Every structure is written in C-alpha cells, then in structure tokens.
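Biologist: I would like to go through the packing in this structure step by step. Please put it up first.

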Amino acid sequence: MPESTTSLLQVTGLKKYFPVRSGLFSRVSAWVKAVDDVSFHLGQGETLGLVGESGCGKTTVGRSLLRLMEPTAGSVTFEGKNVLTLSAKELRQTRRRMQIIFQDPYSSLNPRMTIGSIVSEPLKIHQIAKGQDLQDRVNQLFIRVGLRPEHQSRYPHEFSGGQRQRVGIARALALNPKFIVCDEAVSALDVSIQAQILNLLRDLQKEFHLSYLFITHDLNVVQYLADRIAVMYVGKFAEVAPAEDLFASPKHPYTQALLSANPVPDPTAPPKRIILPGDVPSPLHPPAGCRFHPRCPEVMDVCKTVEPKLTQIGPPEKGHQVWCHLYP
Amino acid sequence: MHDSKSGASLKAEFVSLDAEGLAPQETPWQEFLRIFKKDYQALIGFWVLMLLLVTALAGKALTEWWVVFDPEAVRLTDKFLPPLSVPSPDSLPADRPFGGVYLMGTDELGRDVFARMFQGSFVSLSIGFVAVGISLGIGVLLGGVSGYYGQDKVSLKTVLIGIFLGGVLFYFNWNFLGYAIIAMLLLTWIFRLSVDTLIMRFTDAMMCFPTFFLILTAVALLPPSIYTIMFIIGLFSWMGMARFVRAEFLSLREQDFVIAAKALGVPEWRIIFRHMVPNALAPVFVSATIGVATAILTESGLSFLGFGVPPPDATWGNILSDGKGFIFDAPWLFFIPGLAIFLVVLAFNLVGEGLREALNPKLRSR
C-alpha cells in the first residue's frame, strides 16, 4: 500500500536513558537504557507498526518523537526539520503537524471539561478558528469520527471507552496533522470496538493522507493496519520488514518466537510454538553482545560478545532489515 | 435509551457507530449534588453551617452596627443569672436586654451571654475562614510549585532571590530565620537538590514543631489582636495542604490528558490552571472544610489559655475561659460556648466527610 515513499519522518540513533538515582545526594548510579540507538523512517501516508513486549521501550520511542520526553541522543527529522533542536515556539508550531492518541481513553480526557471544549481547545489556542467557524469545525470533526455533535456539552465520564477514544481521535485530528503516534490506541478496548476504531483510523488515513506510528503488542492489529512492522526487544530493534514479509518469513529468532505465540484461527494447524527460556532482561543491565542471546534458541559464541549489525535481507529497496548474527 | 432530539438527517450516518446511547445528561455539579444529598449527616452539617453563617452575619450587624444586643453592657445588679431569667426589678431600664429576658443568662459582670455568643460567632467564624484562606494560599502555591516544577534543580536565580528575602528578615532583626533560609538555599544549590526537595524539607521542618506551642510563642511575642491570631493560625497550618496539592499535582502531571495538552501545544499556564488545578481542587476543599474547624478550635484553645483575642471582643473561646472559674456556680457560662464550639466543629467535619465522599471518583455512580 505505500504508494508514496517520500520520507516524512526520519529517526536516527534515537536514545533515551533514564537515570537511576540513589544515595544521600541522589547521585546517578546507573542508567536504564529504555531506547538504545533506534533508527527508522516513515513515508507519507504510511503506517509503521511497532511491536514488542511490555517495557521494551515502544512508548518511549513514540513520546520521544513528539518531545513529550527529551531524548538523550539522536535526531528526529520531521518535514525536513530536526524536532529535537527546535525552540519552544517552533515546537508549538510543529506539534500542529504531529499528534498522539493514547491507550487509556479514561485518563486521556480531562474529566472536568466537556468533550466539545476538549476538541475545540487546540483550535482555540492555535487561533485557527473562532465563533461560528469554530463550532462548524468541531461539528465536522465529531461527525467525521462518528460522534453526535449534539453530545458536545457532555462530560467524558458519560461515554463508553470506544466513544471516548473517538473523542481522543477527534482532538488529535483537530489541528490537521500529518503524522499521528497511536500509542496502544485500541489495546484498552474490547474486540468489537477495536475493529470499529481500527476501521475509523484506516478511513481517516486514506482521507487525510496520514502517517501512523502504530505502537501495539497485538500482532493481529498490526497485521491489519501496518505497511511495515518494526519488532523491538529491550530497547533495540530486532527486525524491520514489510508486513507481509514479516508474517511470511520472519528472520530474527525473536520475531519467530513472537509470531509463534500468535494464535492461528485454524484448529487443524499443527501447533509449532517456540517457547523461550528465561525472562526478559532488565534494561538496567542488558546482556552483552546481542540482547536476545540468553534466550535465543540458536545462540552462537559471537552473540555473547559482539552486538549484531544491521543486515539487509533481499534487495535494500525492499527494506527488510534484521539485527542478527545468523544473517551475516 | 436512544435519545433522538435533533439531527434526524445526520442520524443515519452514525446510528450504527453510536448505538450505545447515553443516560440523561448530568453535569459533574449535578452528580455531586445527587451524592451529597444522599448523605444525611453531611446535609445536617451543611444546614447547621448555613444557620451559623446567618447567625454570624446577624451577630456582626446587631451587636456592632445597630446595637440591639449589647455584649459589653455591665450590669452589677444582674450577676450570674441563669438562662431564661428576667432582669432584676432594680436594674436600669436602659440596660435591660432586648425582649426583656436573658436567653443564655449573664456572667460574673452581668453581661448578657447571648449577646456575647452572638458577637463571638462572627469572630470565631471569620478567624476560621481567614486562617484557612491564608493556609490555602500558601499551601496551594508551595504544593503546586513543588509538584509541577519539582524535578527541576534549584537555579542560581532562586538562590539569589532567597538571599534577598533573607536580607529583608535581617532588616526586621529576625536574624535566626534569615540565616536558616540562606543556609538552606545554599545547601540545596551546592548539592544540586531539586525544588521539590527544598520545599518539602521546609514543610517537614515546619511540621516538626508542635503547632499549638509554636502559635502560643508567636502570639506571646506579637501585639495581641484578632488579626494577629488569624495570620498566625494561617501561617502555621498550611503544611498538610501543601502536601495534598503536591501529591495531586505529581499524579496529575503524568496523566494522559495533561500529556495530550502538552502535545497539542497548550501553553504551560493554561495546562496548570485549566487542566490541573480543577482536578486537584476536590481534596483541597475537603481539607479546607476540616481546616476551618481546626482553626476555630485552635482559637478557642488560645483564648482559653488567655493568649487569644483580647477582651473587648468576645469569642467563644474567651467566654469559655471566663466561665471556667464558675463551673459549679454558673455552669451555663461554660457549657453554652463549649456546646457551640462542639456543634460547629462537628458540623464542619461532617460536611468535610460528605464532600470527600461526593467528590471521590471511586465512589461515583452509586
């Protein structure tokens, strides 16, 4: 589906380390390397799915891109400008073009504001519209995301999870962004509502030519929505590939294990579950060499000391990248 | 369930998406009222307080502006009359109480206890409200700064401002306090501690003092007046409030809706006042309500010990204090103000509890 490949977002060497403080004078005694040297790009109208286990740094990547957290190092180039070096004023302008949708529709809306004022706030503070024009735009947004405009004077607690998530989407769309980070946007919803929201996101993408960074732990969701998928493990990418390729022929042993955990809707299919030994290592003390080596079924000596480099599988323009010593 | 008031033409478009329907509209205020009204104890407390408010205002008006009840008239012929007694026949007609009866008796100087209670209600209540207003101001400011900017390091600018403030204290000859503030700021700057550490350690230090004795000391040093008492009580009771607000702000700043506001480019002051303060206020209100009761009680305690509001002004505390010498001969001098303080403090606490219940989102929609 990625018709246009003009790069909208280019992320290089993104790192986010959290200091661990201890002792009397709060000295930094260690660093949690939540995101460690992550690079990727995102084209216009494209969806990149970011999958991984809880705590692997997916959300940190998403929030660092919008500078909701200050990354430790790296660069984020959005529409030709490095987001990380913008002044506060330029950042406000850039944030009109990049938005975020949150996981929990219960905490992402201010309980003391009506949903109408939640959606109209961004239009007001950026002085895009006022008076009747503002009202019209808010009505259109409500209709577009499938809410009734006459419910505008109601408060978030009166709505169900799915409806609240629609309010969150309307708020993100209000400023006409080009790029939206969907941070587990459907994980908190039940399955039938998930499908509605996913279809809505897909329709909106076509209509407004949006790019999504779709952060999730649900493989079925990314399979449905993503053009390309990045698999993350303890702060680093393990594999990036076009969606069909990743599901058809996963290269990294972690991706293989992850996909084998995804149930296949076919009771006659032979079970070929790969069970990984041990637990996910703490990002406080990541293993030396390849971070996956203590659990990898195909571990070699080199994995224990040398960090794997990026390897292209097939032609580079296909964009199937893997970080594993199995593919020299 | 499904309300179909308007937009019939649009309806077809989203009827499939919006099939869940909504309960009749209820604003947070209406919901609050609904829950609060169910709590009959809080409701009784609320009406007692309303009655007290009316009494206090009427007391101010009828004892000071239009002197219908004179709390200061001394009638040596009418000493120690029990409640509901009539003035003795040889009292001067000008000194007779309104209505010709001492509703709550008279004290050792023949003053009308009802008039004094009436005047005292305004004094006690205004001390409660002003003291809580001051502690609310200090507490919300310090707690809010601590919670929102807590992670930032203390900057040189802050230290310089602090040293200037310390200098002002030296000018007033409060050298000890000046040294303490400057030393604290320098230490935090040298060790690169955060704003949060500075403010909260100061709060902890304030909490270490037994408040009542601190107030006693301060009152003994300063000129006695009703305003001194208000300020002193307010100045030494903001610590709990500051902790409350800090905790609220700490949890709110991590909430998704605050992060969403940041992502939308909402200015910082608007995030604080539009998104965070309204959500942090509920527990603060509760603690303020109970704080009024505590302030009234503290003032009564001070007056009882003779450090409170000086004599011409009657407060419930000093009526009680005057009466304590005659507890067996004239028990009404002791029991009437005691009962009044008890009722008001109880009412404030009941309302505070009711507010806590009604504002707590976890107990919602019962």
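Predicted model: local features only at pLDDT ≥ 70, side-chain atom pairs only at ≥ 80, totals over all residues.

Biologist: In what order do the 4 strands of the open sheet in chain A stand?
Modeller: The pairing in this sheet is antiparallel. β2 (27–43) and β5 (81–82) of chain A each have a single partner strand, so they stand at the edges, and one side of each is left without a neighbour in the sheet. The order is β2-β1-β4-β5.

Biologist: Over how many bridges do β1 and β2 of chain A pair?
Modeller: Strand β1 of chain A covers residues 7–22. One of its bridges joins A:Ser22 to A:Arg27 in β2(A). The two strands pair in the antiparallel sense, and the number of bridges is 12.

Biologist: Which strands does helix α1 of chain A touch?
Modeller: Helix α1 (residues 58–65) packs on the sheet of chain A. Its direction makes about 115 degrees with that of β1(A). The strands touched are β1, β2 and β4 (73–78) of chain A.

Biologist: How are α7 and α10 of chain B oriented to each other, roughly parallel or roughly antiparallel?
Modeller: The axes of α7 (residues 195–208) and α10 (residues 239–252) of chain B come within 9 Å and cross at roughly 150 degrees. Angles over 145 degrees count as roughly antiparallel. The two helices, α7(B) and α10(B), are therefore roughly antiparallel.

Biologist: How many charged residues are in the contact of α7(B) with α10(B)?
Modeller: On α7(B) the contact includes B:Asp196 and B:Asp204, and on α10(B) it includes B:Arg243 and B:Arg246. The contact also has 4 nonpolar residues and 1 polar residue. The charged residues number 4.

Biologist: What is the handedness of the crossing of α4(B) and α12(B), left-handed or right-handed?
Modeller: Helix α4 (residues 113–148) and helix α12 (residues 268–304) of chain B pack at about 145 degrees, with their axes 8 Å apart. Among the residues that meet are B:Leu125 and B:Phe129 in α4(B) and B:Ile272 and B:Val292 in α12(B). By class, the contact has 16 nonpolar, 3 polar and 2 charged residues. The crossing is right-handed.

Biologist: How many residues apart in sequence are the parts tied together by A:Tyr233 and A:Tyr254?
Modeller: The whole structure holds 18 aromatic pairs over all chains. A:Tyr233 and A:Tyr254 form a tilted one, at 4.5 Å centre to centre with 50 degrees between the planes. A:Tyr233 lies in β9 (residues 228–233) and A:Tyr254 in α9 (residues 253–260) of chain A, so the separation of the parts tied together is 21 residues.

Conventions
Residues numbered from 1 in each chain as written. Chains lettered and ligands numbered in written order. Heavy atoms only, no water. Pairing = 2+ DSSP bridges. Contact = heavy atoms within 4.5 Å. Axes fitted to C-alpha atoms, helices over the stretch in contact; angles between N-to-C directions. Parallel < 35°, antiparallel > 145°, perpendicular 65-115°, else oblique. Nonpolar A, V, L, I, M, F, W, Y, C, P; charged D, E, K, R; others polar. Phe/Tyr/Trp six-rings, centres within 6.5 Å; stacked < 30°, edge-to-face > 60°. Left-handed = near helix turned anticlockwise from the far one by under 90°.
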